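Please examine the sequence and the structure before reading on.

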Amino acid sequence: MKLKKNIILVLMYLLLTACSMPGLGANTDTQIVIASGNTSERQILSHIVSEMVKEYTDLKVTIINNLGSTTLIHTSMKEGDVNLSGGMYTGTSITGELGLEPIMEPQEALKVSQGEYLKRFNRIWYDSYGFSNTYAFMVTKEFAAEHNITKVSELEQFKDSLKVGVDSSWLQRPGDGYEGFKEKYNYEFPNIYPMEIALVYSAIDNNEMDVVLGYSTDGRINSYGLQILEDDRQLFPPYDCSPVASAEIVEKHPEIDVILKVLAGKISSEQMQYMNKRSDEDLIEPQVVAKEFLEENNYFKDEVKL
């Protein structure tokens, strides 16, 4: 079964690379080729890295957008089509391409990701930007105040009457999916509705759902007045986000190492929420959002020592 899954993933990658995806085919020996993604978050982060590289070096930078999953980004790096990823998440990669059991302690998860990526793939997994984008249960602030709840475990007393909207893939997700939820929290929701994760925010905003499962750095959390409930029984592992670069490109251009190290700890969850909102809600291009962030921080000129 695992072999069949791997064959399907490789075929998906080959199909994508056979299409005219901008950036594929760039020379990764002489250029910085950044794997982005199909989310605003990954695109913003990739542009932050790109703009920093262009600010401090003469290197040519290309961004490949719309690589729709961590697996495709990993495969594109493995095939040598890219040499840097703007954003990789510990929780996703540990149970994904690394094939390990979930690790709940954030620093341990980061350490394992860094060690295994270097050992297995000869890639450098940098320290986190400063935020974690994990699954999170949310309610409106009015609902939380009315029912005096701040934690996921406290939903149990209302479970029979709640309408709960969740990401469709989460229902079958191993480990921290719905089965894992029932084991950790020892209750289930009678009225649970699978949907695309992009739709859960409008569903709760329109009073179609009482509780939704979304992403903790989504810009719509603030826009729609939502409150994240504490995962008090630690269902979800940490999903701290970091840039990843091939060791070859860092060795060839050590200034990349300096730049990526400077970005560690520079983006809080609140800042990432805001930048995602600028892109998703205000419809500002990710590159413009990235430039705004860097201009506000003066491109971290006091810290970049080349």
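Is D160 buried or exposed? D160 is exposed, with a relative accessible area of 54%; here buried means under 20% relative accessible area, exposed means over 50%, and partly exposed lies in between (1.4 Å probe, protein chains only).

The model is predicted, so local features need pLDDT of at least 70 and side-chain atom pairs count only at pLDDT 80 or more, whereas totals for chains, interfaces and linings use all residues. Residues are numbered from 1 along each chain as its sequence is written, and side-chain values use heavy atoms, with hydrogens and water left out.

The structure holds 13 salt bridges, a salt bridge being a side-chain nitrogen of Lys or Arg within 4 Å of a carboxyl oxygen of Asp or Glu. Three of them are listed below.

| Pair | N to O distance |
|---|---|
| D160 and K159 | 3.3 Å |
| K182 and E179 | 3.0 Å |
| K266 and E303 | 3.0 Å |

K159, the partner of D160, is partly exposed at 22%.

K182 and E179 lie three residues apart in helix 7 (residues 178-185), and are therefore separated by about one helical turn. Helices are DSSP runs (H or I, at least four residues), numbered from the N terminus. K182 is partly exposed at 22%, and E179 is partly exposed at 48%.

K266 forms a salt bridge with E303. This pair links distant parts of the chain, 37 residues apart: K266 is in the loop between helix 11 (254-262) and helix 12 (269-280), and E303 is in the segment after helix 13 (286-296). K266 is buried at 18%, while E303 is partly exposed at 41%.

Finally, a network of salt bridges links K277, R278, D282 and E292.

Note on methods
Helix = DSSP H or I, 4+ residues; strand = E, 2+ residues; numbered from the N terminus.
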